[in-house]
Amino acid sequence: MGRLPRKELRAVHDNDLEAFLERLGILEAIKEKHLTCASCGSIISLENFGGVFPIDNNVGVVCDRLECMAPLLRNKGG
Amino acid sequence: MNVESIVVAAVPSTSLLGVIIYLLKNPEKAEKWGALFARGFAGLSDASERRSVSGEIQSDINTFAKDVTGKVDASILPYGIKIKWEKSDNVSYESFVSEGQVVVRMRNHRNQARNLALATVAYVQAGFLPDARPHFDQEVSNAMDTAMARKILLDRRRSDALSIFNKEMLTEQTPMAARMSKIMQDLDAKGLFNEMLLREMADLGKRLTGIAPTEDSRKEIRDFVVFCEKLTEKEPGEDVSPDFKKKLLRVSIVLIAKSKTYAERGVMPHLNWVDKCLKEEMDSIYICATGPHIRAARELDALLQSYQSVRRIAEHSEKVLGQKGEIVNGICIVYHRLA
């Protein structure tokens, strides 16, 4: 059997994280702890940042708990 | 050049050719080796670090998917996974918002357990039973995802990633979701999660493609999952042949477990049961046995192979959990009724 067709999971590596967040315009807000997880409401920092998603022409963030990321990932990635 | 030197020269090139053919046939293995090689240079270049992270995850998940696809049904896990790295220089606020894509964070390869747990959750959410999934209610969907994610991590022997998964994904289950998860875990221990439950869901997905889900179909699938509890709670030495006879799913499971019945009457009681199932238009018949009862299952299988009204779909053998909690050989033979 050959290779299965693959679904993409878009990811940013830790090494590129700050530059990526800067391009999205949310690095400062995260550093200053102004953003909260869209799922559990915890304050997002560079340590617990888990992912980012577009919502209503804006950018939403979630923390790195799998439980917070799972609903977001349904039919969006992977 | 003498014969000996020709042979000495030919052996390495033959071996190399063998390795190349093997890697071409098993791209996931090549990916794993590539990731391990890249890890050696991970401290020197960002590209090697990324390759080390993504290659290992892709190899682990895609190897598992290919295995299930080959052994059970291609529509259970029809896709593999590819990690697409976002680079800061080709992203902007506008492009991100307009593309509508989620981007997740992957950590350094030293934190690969978390990376794998995350990728597994993402993979299962998007690529597991995509045709049948719209017909699952939320609790069935969550229980299925949990069971499959655990299965992937266990299969890849990643207890570190499994521990993160258990800690962060199983915190707030409803009593029904916890019950369904337990049913699926017990089914898996008996070798019936892949062979029976997922096979039925894959078939159902194919039949229902393009049909809008209804409350009735969702309820029927939920009832089927709960019905499977009967298979996991069977007492030792008890011959049970439960069946599920509804609109979408018509399944009978012949569990052969009673030595006395076989000694006295051979496989006739089971054959009579199968005849009854066929008269009642059951679509799938699973013949399952463990340990010494496998002989009876084989005898029944041999008789059924002469039937014109059924088609033998698959046979699967593996080590399973026996009735007293011991590890035993198990067998599951699948028949479909011909319309």
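## Terms and basis of the model

A residue is called buried if 20 or more other C-beta atoms lie within 10 Å of its own, exposed if 12 or fewer do, and partly exposed in between, with the C-beta atoms placed from the backbone. Helices (H or I, at least four residues) and strands (E, at least two) are DSSP runs, numbered from the N terminus.

This is a predicted model, in which local features need pLDDT of at least 70 and side-chain atom pairs count only at pLDDT 80 or more, while totals for chains, interfaces and linings use all residues. Residues are numbered from 1 along each chain as its sequence is written, and chains are lettered from A and ligands numbered from 1 in the order in which they are written.

## A buried helix of chain A

In α3(A), the residues A:L66, A:C68, A:M69, A:A70, A:L72 and A:L73 are buried. Six of the eight residues of this helix are thus buried, so α3(A) is largely enclosed by the rest of the structure. Its buried residues pack against β2 and β3 (58-63) of chain A and, from chain B, against β2, α5 (112-127) and α7 (159-169).

The axes of α3(A) and α7(B), as lines fitted to C-alpha atoms over the stretch in contact, come within 8 Å and cross at roughly 85°. The two helices are therefore roughly perpendicular (65 to 115 degrees) to each other. Here A:L66, A:E67 and A:A70 meet B:F165, B:E168 and B:M169, where contact requires C-beta atoms, placed from the backbone, within 7 Å.

## The contact between the chains

Chain A gives 42 residues to the contact and chain B gives 47 residues. On the side of chain A that touches chain B, the elements that give two or more residues are β1 (6-13), α1 (14-24), β2 (49-55) and α3 (66-73).

Strand pairing, which needs at least two bridges found by DSSP, also links the chains: three bridges join β1(A) to strand β2 (residues 103-106) of chain B, and these strands run parallel. Within this pair, A:A11 has B:V104 as its bridge partner.

## The sheet of chain B

Chain B holds an open sheet of five strands in the order β3-β4-β5-β7-β6, with mixed pairing. Because β3 (243-245) and β6 (310-321) stand at the edges, each with a single partner strand, one side of each is left without a neighbour in the sheet. Three bridges join β3(B) to β4 (residues 250-256) in an antiparallel arrangement, and B:F244 stands opposite B:V251 in β4(B).

Key. Contact = placed C-beta atoms within 7 Å. Axes fitted to C-alpha atoms, helices over the stretch in contact; angles between N-to-C directions. Parallel < 35°, antiparallel > 145°, perpendicular 65-115°, else oblique.
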